Amino acid sequence: MRQVNHWIDGKEAAGTSGRTADVYNPATGEVQAKVALASKADMDAAIARAAEAQVKWGATNPQRRARVMMKMVDLINRDMDKMAEVLSSEHGKTFPDAKGDIQRGLEVIEFSVGAPHQLKGEFIDAAGPGIDMYSMRQPLGVVAAITPFNFPAMIPLWKLGPALASGNAVILKPSERDPTVPNMLAALFQEAGLPDGVLQVVHGDKEAVDAILDSEVIQAVGFVGSTPIAQYIYERAAATGKRAQCFGGAKNHMIIMPDADLDQAADALVGAGFGAAGERCMAISVAVPVGEKTADALIEKLVPRIEKLKVGPWTAGNDVDYGPVVTKAARENILRLVETGVEQGAELVVDGRDFALQGYEDGFFVGPHLFDRVTPDMDIYKTEIFGPVLSTVRAASYEDALKLAMDNEYGNGTAIFTRDGDTARDFASRVNVGMIGVNVPIPVPLAYFTFGGWKKSGFGDLNQHGPDAFRFYTRTKTVTSRWPSGIKEGAAFNFKAMD
Ligand code: NAD
């Protein structure tokens, strides 16, 4: 059986733990590989080697580091299809969606080509008699990225571009469920000219993560995953004085105003709710039509669209709208939550519980579900289902819809569909959520803006990619200098204004 090893010092390494985890093909339910799980000793050794390699890399001029990113852009494009196939086979998402996963990561590598500009400090001359003051942004040293299964290329690349271009060494601990693409990316970075040891991919579970969190060498942790783990990592990382930005789960609401184009809104909901089997942190999982008439009309438009969805393996090509979920446990959890929805009184308008696919009976497929008349006290509303289940909560007014989104504990993304500029503007300004779409269902900001949620969707400071990422992965040093010709006085004992 194929084994996915760590990528240490520019080559594969099995590690010493002897422990592995199964990597499935979610479409067939078969184990297709084993991934090595690092011990604390494996992790500590990888970190120590990264610290050595970082010294030279951190001192390499930013333009040279940017050239590695430039080369990486070409290499990712060259190997896009090859990586997308592997990604689909381990994650289950469709081939075009797998390419999108890589593409949205690639865009952050493109942005990181501009690292020298992002890393410039500030300068002012003559801040006082003969006094100049300037600041510089310096790399932190060794940083860690701990990433989720649902974007095995995009999220590692969001971390790697800015962190490496800023002069850090990175320990990447990808999800153990789809670990191969991160290794392929590491090999491409090597081909692009990144010195060995500067990027170490260490696979593992809690033992590996805890070794990162307790390390005195690691200076910062960038995490993306579920909220309980995000909070755990944030707190444990802070205990050893690390910087931490930890992005968590979501329950994204889309508000549909009575004046919205309902065909557009229904198309958007189907794509954003069921794309990637609902396994996106920016998926829309709650539709909030305003007014009974809007709700009735929306449900009428949604039902045939959802019933028509084609669910199947990525190998079926363009004939498939979404694929299986990632594991058997994920499938069981989704179906269990659907049962609670029925028991607690929600109306199951499209029922995907009996979905089965001939020839793929052991795959982790889940049929599409649409609930109507969901209320905020139900488990299907309170829980991030992370599956192909769309809940409709009917709101009596715009203010009620806004309040619903604001009272939700998550604050990753939200959208409003309306033709009214005043309402859209009011919504964008007042809602306590990090990323807002106006007639855009999945408002993932482009690489040169930043990505991050509020409330329990994000712990820590600064967002991912965009200028924030370069701030997160560097620290500021400020120099005040005066040369002997500017020194007019002897010892000074008091603070005073510069003049
Ligand atoms: P997860 O929290 O299970 O795992 C994320 C990472 O944490 C993995 O690398 C995993 O190995 C590690 N991990 C898991 N359990 C751990 C433990 N007990 N101790 C230490 N480390 C542990 O998340 P997932 O299932 O891989 O990803 C899906 C989740 O990620 C969803 O909640 C989704 O909303 C969220 N997500 C959020 C964003 C965002 O930007 N906010 C983006 C993508 C995904």
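This is a predicted model: local features need pLDDT of at least 70, side-chain atom pairs count only at pLDDT 80 or more; totals for chains, interfaces and linings use all residues.

## Exercise 1: Lysine 93

Task. Determine whether lysine 93 is buried or exposed, and identify the partner of its side chain in a polar contact.

Solution. Step 1: lysine 93 is found in the loop between α2 (62-91) and α3 (95-112). Step 2: buried means under 20% relative accessible area. Lysine 93 has 2% relative accessibility and therefore counts as buried. Step 3: its side chain makes a polar contact of 2.9 Å with the side chain of aspartate 101. Step 4: beyond the neighbours within four places in sequence, the contacts of lysine 93 include Asn150, Phe151 and Trp314.

## Exercise 2: Glutamate 107 and alanine 145

Task. Locate glutamate 107 and alanine 145, and decide whether each is buried or exposed.

Solution. Step 1: glutamate 107 is in helix α3, and alanine 145 is in strand β8 (residues 142-146). Step 2: glutamate 107 has a relative accessible area of 18% and is therefore buried. Step 3: alanine 145, at 1%, is buried. Step 4: apart from residues up to four places away in sequence, glutamate 107 touches Leu446 and Ala447. With that exclusion, alanine 145 touches several residues, among them Lys159, Val170 and Gly222.

## Exercise 3: Aspartate 214 and arginine 236

Task. Describe how aspartate 214 is related to arginine 236 in sequence and in space.

Solution. Step 1: aspartate 214 lies in helix α7 and, at 36% relative accessibility, counts as partly exposed. Step 2: aspartate 214 and arginine 236 are 22 residues apart in sequence, and their C-alpha atoms are 7.7 Å apart in space. Step 3: their side chains are joined by a polar contact of 2.6 Å. Step 4: leaving aside neighbours within four places in sequence, aspartate 214 is in contact with Arg236, Thr240 and Lys242.

## Exercise 4: The ligand

Task. State where the ligand sits and which residues are closest to it.

Solution. Step 1: the ligand sits in the largest pocket. Step 2: α7 (206-214) and β11 (218-224) are the elements that give two or more residues to the shell around the ligand. Step 3: the ligand is surrounded by 28 residues, of which Thr147, Lys173, Glu176, Ser226 and Glu384 are the closest. Step 4: a ligand oxygen atom is 3.0 Å from a polar backbone atom of phenylalanine 149, and a ligand nitrogen atom is 2.8 Å from a polar backbone atom of glycine 248. Step 5: the ligand has 840 Å² of accessible area on its own, and the protein covers 89% of that area.

Conventions: Residues are numbered from 1 along each chain as its sequence is written. Side-chain values use heavy atoms; hydrogens and water are left out. Helices (H or I, at least four residues) and strands (E, at least two) are DSSP runs, numbered from the N terminus. Buried means under 20% relative accessible area, exposed over 50%, partly exposed in between (1.4 Å probe, protein chains only). A polar contact is a pair of N or O atoms within 3.5 Å; within protein, one must be able to donate a hydrogen and the other to accept it, and residues adjacent in sequence count only if both atoms are side-chain atoms. Contact means heavy atoms within 4.5 Å. A residue is near a molecule or strand if one of its heavy atoms lies within 4 Å of it. Accessible areas come from the Shrake-Rupley method with a 1.4 Å probe; for residues, only the protein chains shown count as cover. On a 1 Å grid over the protein atoms alone, a cavity is a set of points where a 1.4 Å probe fits but cannot get out, and a pocket is an open set with protein on both sides within 12 Å along at least five of seven lines; lining residues have an atom within 4 Å of a point. A molecule sits in a cavity or pocket if more than half of its atoms lie within 2 Å of its grid points.
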